[in-house]
Structure formats: structure tokens, C-alpha cells
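Here are a few notes to read alongside the model. Have it open while you go through them.

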Amino acid sequence: MININQKTPKEINKDIANSLVKIRKRKKISQTVLSKKSGVSVGSIRRFEQENEISLISLTKIAIALGI
């Protein structure tokens, strides 16, 4: 569980990105396949997973594609 009371926005974004990477890998979905399923570019997915930066609409699309 993410405790938002003691973390900065960047730390929260990193936690969210790490959680989604774990889910993606557990479901054995590559970044390329996730891109096709979500309509979010591979570059945006990479940037999110590495730099924790993404638009809210893209994050929502990724969550829907992962079924969460």
C-alpha cells in the first residue's frame, strides 16, 4: 500500500510506476504489446517506467489495458 502522507509527488509517481511495471511483468506483457493494447506510445511507456513521467490520460489507458 502506498502511504501518500509521507511522500513527495515524485516518490508517489515512482511507486505507481514500479507497481505497474510489476503488474505488466507478472502478466508477461512487453512494453510493445502494452503500447498496442493501450494506444500509448512505447516511448511514453518507457519514459513512465524509467522517469516516472506520464499524462493522466495515458496512465488511465495503461491501467485499463492491464485490467486494473
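Which residues line the largest cavity?

1. First, the ground rules. This is a predicted model, where local features need pLDDT of at least 70 and side-chain atom pairs count only at pLDDT 80 or more, while totals for chains, interfaces and linings use all residues. Residues are numbered from 1 along each chain as its sequence is written, and side-chain values use heavy atoms, leaving out hydrogens and water.

2. Back to the question: the lining is Leu-20, Arg-24, Leu-34, Ile-45, Phe-48, Glu-49, Ile-62 and Leu-66. A cavity here is a set of points on a 1 Å grid over the protein atoms alone where a 1.4 Å probe fits but cannot get out, and lining residues have an atom within 4 Å of a point. The volume is about 30 Å³, counted as the space filled by probe spheres set on the points.

3. Helix H3 (residues 42–51) gives the largest share of that lining, three residues. Helices are DSSP runs of H or I, at least four residues, numbered from the N terminus.

4. Ser-44, Ile-45, Phe-48 and Glu-49 of H3 are buried (under 20% relative accessible area, 1.4 Å probe, protein chains only). They sit on the same side of H3, because their arc around the axis is only 130 degrees, taken from the directions from the helix axis to the C-beta atoms.

5. Ser-38, in helix H2 (residues 31–38), is buried too, at 10%. Ser-38 touches Ile-45, Lys-61, Ile-62 and Ala-65, not counting residues up to four places away in sequence (contact: heavy atoms within 4.5 Å).

Notes. Helices (H or I, at least four residues) and strands (E, at least two) are DSSP runs, numbered from the N terminus. Buried means under 20% relative accessible area, exposed over 50%, partly exposed in between (1.4 Å probe, protein chains only). On a 1 Å grid over the protein atoms alone, a cavity is a set of points where a 1.4 Å probe fits but cannot get out, and a pocket is an open set with protein on both sides within 12 Å along at least five of seven lines; lining residues have an atom within 4 Å of a point.
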